[in-house]
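This report describes selected features of one protein model. Please consult the sequence and structure shown below while reading.

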Amino acid sequence: MVSTPRVVIAAPASGHGKTTVTTGILAALAHRGLAVSPHKVGPDYIDPGYHALAAGRLGRNLDAFLCGEERIVPLFLHGAAGADIAVVEGVMGLYDGASGHGELASTAQVAKLLRAPVVLVVDPSSQGRSVAALVHGFATFDPGVRIGGVILNRVASERHEQVVREALDEIGVPVLGALPRSDAIAAPSRHLGLVPVAERSAASVATVRALGELVDACVDLDAVLDIARTAGSLHAPAWDARVEVGERVEGRPRVALASGAAFTFSYAETAELLTAAGAEVVRVDPLRDEALPEGVQALVVGGGFPEMYAAELSANVPLRTSVRELAATGAPIAAECAGLLYLARSLDGQQMCGVLDVDARMTGQLSLGYRDAVAVTDSVLASEGQRVRGHEFHRTACDPTPVGTAGAPAWRWAGGSGEGFVRGGVHASYLHLHWAGAPHVARRFVAAAAGIAS
C-alpha cells in the first residue's frame, strides 16, 4: 500500500496554461526542499523536460493508450519512489483522450486510476461569472473525478480576479491562486510545440526559476499540498524493468542511445529496459561526437528536431560515416521519427547518414495521433504480425527514390498502406513507441545486438 501525496493539474482545454502552472508548482515545491516527482499524461516529450528541470528529478509519462491502463499505477509508483509529493500534468482538456476510445488515455482516466484529486487551471480571459458554469460542468461531468480547487491563469486585473473568485465561491470550488498575464516568462514555441529544455539551456533555467517565483507568490502552495494529501492509497507493485523483460540476454552488448539537443524525444524507461534486458547503454550526441562510442554493437535514435539542426548534423561527417558503417555490418539500429530523418540520404537538401535511400523534407502538414499498428516485416524490434500501439507526430515526409529500394515496410495501421522501412538490421519509422508498453521490443533488440535469436 502506497499513499504518496499527489495531485493532477488539468484544464478545460489546451492553451489554458497547464505546463506553466505545473512547472511553477514543481519549481516552488522543490525550492522548499521537497522531493517532487513530476509526471505527464500522454505522449508528450517536451513538457517532461521542463518538469525535470524544475523538480531536479526525471519527468515521466503516464500514457494509458501506449502502455496500457494496467501499467499506469505501477509506472507512477516506479517514478514517484522516495518522493514527498508527485505532481501530474494532464493532456489537452480534462476529459479528452484517444479519439474514438472514450476516456482512454485522458487526464480524467489517469486521475481516477491514481485516485488523485485534480486542480483545474482555468484561463478566465474574456469571461467573468461564466467561469463558474464552466468549472461546475467539469466538476460534475464524471462523479469519479474529484476537483479539489482551481488556479486562475492570466487574470486581467484585481477586479477581474475578484469577480471570478466570487462566482466560484458560489459553487463551492476554492480558488488556490491567480496568476497575472505575463508574456515575459512564456517558453518559446515552434511547429511541434514548446522548444525543448535541452535547446535553451540558460534561458530554460531562467524561465523555470521565474515560473517558480511567480507560483510561489500567487498560489497557496500549502493548500495544494493539503489537497495532494487527500489522494487515496494505491495497492500495486512498482513497475520493474527486470520483471517486464524477463531473463537477461547474455554478453552485455553495448547499445548507443542518441541524445543531445537534436534528439531529445526519449522516454526514461527505454534506457531502463535496455539495461534490464542485458545491454550496456552509452550515450552519443550527433551534434558533438565524431564517432560512436567504442565497441558499440547497436544504436537507438529517437525523436527530436533534426530539421532545426540539419546543417550541423550534416557537417559532422565522421559520425555520419560511423553510423553508415555500423548499419553496413547488419548491426541493429532502431530509429523513430527524427531518427528516421537522420538515417535518410538527405534532409531538406542537407546530407544525412545515407543508411536509407530516402530523401526527407519539411512539409506544411501535421501528422498527429495515436496508432494501432501491426508489424508487416520481421525486424530487430518485432516479428511479423506483432501488434503495438504508438504515436505519430511530425511535419516531415520521406520520398523513397526509386520506390521500394529503401526497404520493406515496418508497420501498417488503419488507412495506411505500409509505413517505415526495414532493411538488414535497420528498423526506421515515424511511429513513436513507449517501450514500457511493449517490453518485448527491448529484449528482442538487445538479443539482436548480442547476436542471439530471440
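Which residues does L94 touch, not counting residues up to four places away in sequence? The model is predicted, and in it L94 touches A10, A11, P12, S106, T107, A108, V118, L120, F138, V145 and I147.

## Nonpolar cores

The largest nonpolar core has 116 residues, and within it L94 and W411 touch the most other members. Another core lies apart from it and comprises 41 residues, including F263, L299, A331 and C337.

S379 is located in the loop that runs between β16 (358-375) and β17 (387-400). Its relative accessibility is 9%, and buried means under 20%, so S379 counts as buried.

Leaving aside neighbours within four places in sequence, S379 is in contact with V422, H427 and R444. V91 stands 288 residues from S379 along the chain, and the C-alpha atoms of S379 and V91 are separated by 32 Å.

## Helix α10

Helix α10 spans residues 221-228 and is mostly covered, with six of its eight residues buried. The buried residues in α10 are L221, A223, V224, L225, I227 and A228. An α-helix has 3.6 residues a turn, so residues three or four places apart point the same way.

Key:
Residues are numbered from 1 along each chain as its sequence is written. This is a predicted model: local features need pLDDT of at least 70, side-chain atom pairs count only at pLDDT 80 or more; totals for chains, interfaces and linings use all residues. Side-chain values use heavy atoms; hydrogens and water are left out. A nonpolar core is a set of buried Ala, Val, Leu, Ile, Met, Phe, Trp, Tyr and Cys residues joined through side-chain atoms within 4.5 Å. Buried means under 20% relative accessible area, exposed over 50%, partly exposed in between (1.4 Å probe, protein chains only). Contact means heavy atoms within 4.5 Å. Helices (H or I, at least four residues) and strands (E, at least two) are DSSP runs, numbered from the N terminus.
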